Amino acid sequence: MRCNNRIPLEGAIHLALGLKVNTTLRILKMSRNPMQSVGCFAILKSVQANPETAVEFLEFSDICVDQEFEDLFESTKETLPHLQVKHGGKMNAALKKS
């Protein structure tokens with residue numbers, strides 16, 4: 001999947017449902033989409049929940065993620081140590097409250 005497709009949060013959640021059962025997709029590039037940290041979290045959660053996932057790389061460049069995403073990624077590395085995730089940086093807690 002290519003970047004910059006105007007995929008909103010709802011679209012990311014639908015993609016995440018498919019990733020729960022997908023066994024062939026290896027690389028997913030979702031940068032420059034308005035799906036926010038919540039959409040990134042949903043996608044990563046689905047990859048983590050799929051015991052037969054082939055996903056090796058998730059790209060969320062230009063999307064800042066929150067601490068909940070970072071915590072999920074840390075726990076995911078235990079079961080998927082080769083998974084690489086690129087994102088736009090960690091969301092500043094002060095900005096998140098705005």
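Helices, which are runs of at least four residues, and strands, which are runs of at least two, are taken from DSSP and numbered from the N terminus. The views below show a predicted model.

View 1. Thr24 and Pro81 are separated by 57 residues in sequence, and their C-alpha atoms are 18 Å apart in space.

**View 2. Helix H1 and its two sides.** Ala12, Ala16 and Leu19 are the residues of H1 given here as buried, and they lie on the same side of the helix because they cover an arc of only 55 degrees around its axis. The buried residues of H1 pack against strand E1, which spans 27–29, and against helix H2.

View 3. Leaving aside residues up to four places away in sequence, Asn50 touches Leu19, Lys20, Val21 and Asn22.

View 4. E1 and E2 pair in the parallel sense over three bridges, and Ile27 has Phe57 as its bridge partner in E2. Between these two strands the chain passes through H2, and this β-α-β crossover from E1 to E2 is right-handed. E2 also pairs in the parallel sense with strand E3, residues 84–87, in this case over four bridges. Leu58 has Val85 as its bridge partner in E3, while the partner of Phe60 in E3 is His87. The β-α-β crossover from E2 to E3, in which the chain passes through H3, is right-handed. Both faces of E2 are covered, with Phe57 and Glu59 buried on one side and Leu58 and Phe60 buried on the other.

**View 5. The largest nonpolar core.** This core holds 23 residues, among which Met35, Ile43, Leu58, Phe60 and Leu83 touch the most other members. Helix H1 (9–19), helix H2 (36–49), strand E2 (57–60) and helix H3 (67–79) each contribute at least two residues to the core, and the largest share, five residues, comes from H2. As a general background to this view, nonpolar side chains tend to be buried together in soluble globular proteins. Leu58 can be followed in detail: apart from residues up to four places away in sequence, Leu58 touches Leu28, Ile43, Leu44, Val47, Leu83, Gln84, Val85 and Lys86.

**View 6. The aromatic pair of Phe60 and Phe69.** The structure holds one aromatic pair. The ring centres of Phe60 and Phe69 are 6.0 Å apart and the ring planes stand at 85 degrees to each other, so the pair is edge-to-face; the reasoning rests on the angle, because planes over 60 degrees apart count as edge-to-face. Both Phe60 and Phe69 are buried.

**View 7. The buried side of helix H3.** Phe69, Glu70, Leu72, Phe73 and Thr76 are the buried residues of H3, and they lie on the same side of the helix because they cover an arc of only 160 degrees around its axis. The elements that cover these buried residues of H3 include H2, E2 and E3.

**View 8. Arg32 and Asp62, two residues other than glycine with positive phi****.** Arg32 lies in the loop between E1 and H2, and its phi is near 55 degrees. The relative accessible area of Arg32 is 46%, and because this value falls between the cut-offs of 20% and 50%, Arg32 is partly exposed. Asp62 lies in the loop between E2 and H3, and the phi of Asp62 is near 70 degrees. With a relative accessible area of 56%, which is over 50%, Asp62 counts as exposed.

Terms used. Residues are numbered from 1 along each chain as its sequence is written. This is a predicted model: local features need pLDDT of at least 70, side-chain atom pairs count only at pLDDT 80 or more; totals for chains, interfaces and linings use all residues. Side-chain values use heavy atoms; hydrogens and water are left out. A nonpolar core is a set of buried Ala, Val, Leu, Ile, Met, Phe, Trp, Tyr and Cys residues joined through side-chain atoms within 4.5 Å. Buried means under 20% relative accessible area, exposed over 50%, partly exposed in between (1.4 Å probe, protein chains only). Contact means heavy atoms within 4.5 Å. Two strands pair if DSSP finds at least two bridges between them. A crossover is right-handed if, with the strands pointing away from the viewer, the path from the first strand over the helix to the second runs clockwise. Rings of Phe, Tyr and Trp (its six-membered ring) pair if their centres lie within 6.5 Å; planes under 30 degrees apart count as stacked, over 60 as edge-to-face and the rest as tilted. The arc is that of the directions from the helix axis to the C-beta atoms.
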